[in-house]
Amino acid sequence: MNSLAANLDQVRSQIAAAAARSGRSADDVQLIAVSKKQDGEKVRAAFDAGQPIFGESRVQEARAKIPLLPAAVRWHFIGHLQKNKIRHALPLFELFHSIDSLELARDVERIAAEEGVRPRVLLEVNVAGEGSKIGFAPETLRSEMENLLELNRVQIEGLMAIPALASEPQASRSYFVLLRELRDELESEFRLNLPQLSMGMSNDYEIAIEEGATFVRVGTAIFGGREK
Ligand SMILES: *Cc1c(COP(=O)(O)O)cnc(C)c1O
């Protein structure tokens with residue numbers, strides 16, 4: 001087995017073990033292999049080794065990569081979506097993890113209506129607070145949820161977060177708990193179903209799964225380091 005296939009195997013077995021610790025099955029957690037800044041050959045090798053879903057964070061890079069790979073490869077968008085890239089991005093990705101403002105959600109709604117599509121999305125929450133400006137602050141999300149729910153093209157399926165990079169993976173746990181509790185709160189306050197929680201990267205995905213992640217976004221642990 002080559003090292004990429006071995007890495008995938010290793011990640012999959014860690015996912016299964018962490019899912020079991022949270023009383024779930026491995027099938028309850030989907031692995032997004034983050035292929036940003038990795039070349040298409042590596043994506044193909046991972047796909048051939050049985051990995052179906054890949055994550056990209058830049059529309060331009062994805063537009064170059066996706067046409068060279070088998071049509072059966074599934075793509076998720078995990079980066080900041082720029083307004084002028086929405087139209088290009090809509091047909092490429094089956095899920096947008098990172099809708100990070102009401103304004104962006106409204107732009108996606110408008111363009112989705114023009115294109116006649118119903119994009120599936122997650123809302124990115126700024127769980128880390130001060131350090132980062134990306135994502136809905138939890139209070140903002142509570143107050144803007146009503147507006148978000150008026151959008152009828154955009155299908156909101158859950159929440160996503162990127163905690164500040166910590167040297168100690170356990171340090172992320174409280175952020176994962178925060179995201180799950182915010183989800184639970186929004187579900188009961190707005191009588192919604194928000195089944196998906198996208199949280200956890202190479203250094204902390206096992207902890208994210210213990211706290212309820214349904215998507216983990218893992219790059220380095222599968223592909224090794226990225227090109228600069
Ligand atoms: C790059 C990236 C990842 C993957 O990070 P690794 O540490 O390589 O696993 C996950 N999520 C997002 C949003 C990213 O940009």
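Modeller: A polar contact is a pair of N or O atoms within 3.5 Å; within protein, one atom must be able to donate a hydrogen and the other to accept it, and residues adjacent in sequence count only if both atoms are side-chain atoms. The model is predicted, with local features requiring pLDDT of at least 70 and side-chain atom pairs pLDDT 80 or more, while totals for chains, interfaces and linings use all residues. Residues are numbered from 1 along each chain as its sequence is written, and side-chain values use heavy atoms, leaving out hydrogens and water.

The residues around the ligand (one heavy atom within 4 Å) are V34, K36, I78, I162, M201, S202, R217, V218, G219, T220 and R226. By class, this shell holds 5 nonpolar, 3 polar and 3 charged residues; Ala, Val, Leu, Ile, Met, Phe, Trp, Tyr, Cys and Pro count as nonpolar, Asp, Glu, Lys and Arg as charged, and the others, Gly among them, as polar.

A polar side-chain atom of T220 is 2.4 Å from a ligand oxygen, and one of S202 is 2.5 Å from a ligand oxygen. G219 contributes a polar backbone atom, 2.8 Å from an oxygen atom of the ligand. Of the 390 Å² of accessible area that the ligand has on its own, the protein covers 89% (Shrake-Rupley method, 1.4 Å probe).

Turning to the loops, N126 lies between β5 (120-125) and α6 (138-149), where helices (H or I, at least four residues) and strands (E, at least two) are DSSP runs numbered from the N terminus. A polar side-chain atom of N126 is 3.3 Å from the backbone nitrogen of A128. N126 is buried, at a relative accessible area of 11%; buried means under 20%, exposed over 50% and partly exposed in between, with a 1.4 Å probe and protein chains only.

Two further loop residues concern the backbone. Most residues other than glycine have a negative phi. K37, in the loop between β1 (30-34) and α2 (40-48), has a positive phi near 60°. Its relative accessible area is 40%, so K37 is partly exposed. R191 also has a positive phi, near 50°, and is found in the loop between α7 (173-190) and β7 (196-198). With a relative accessible area of 77%, R191 is exposed.
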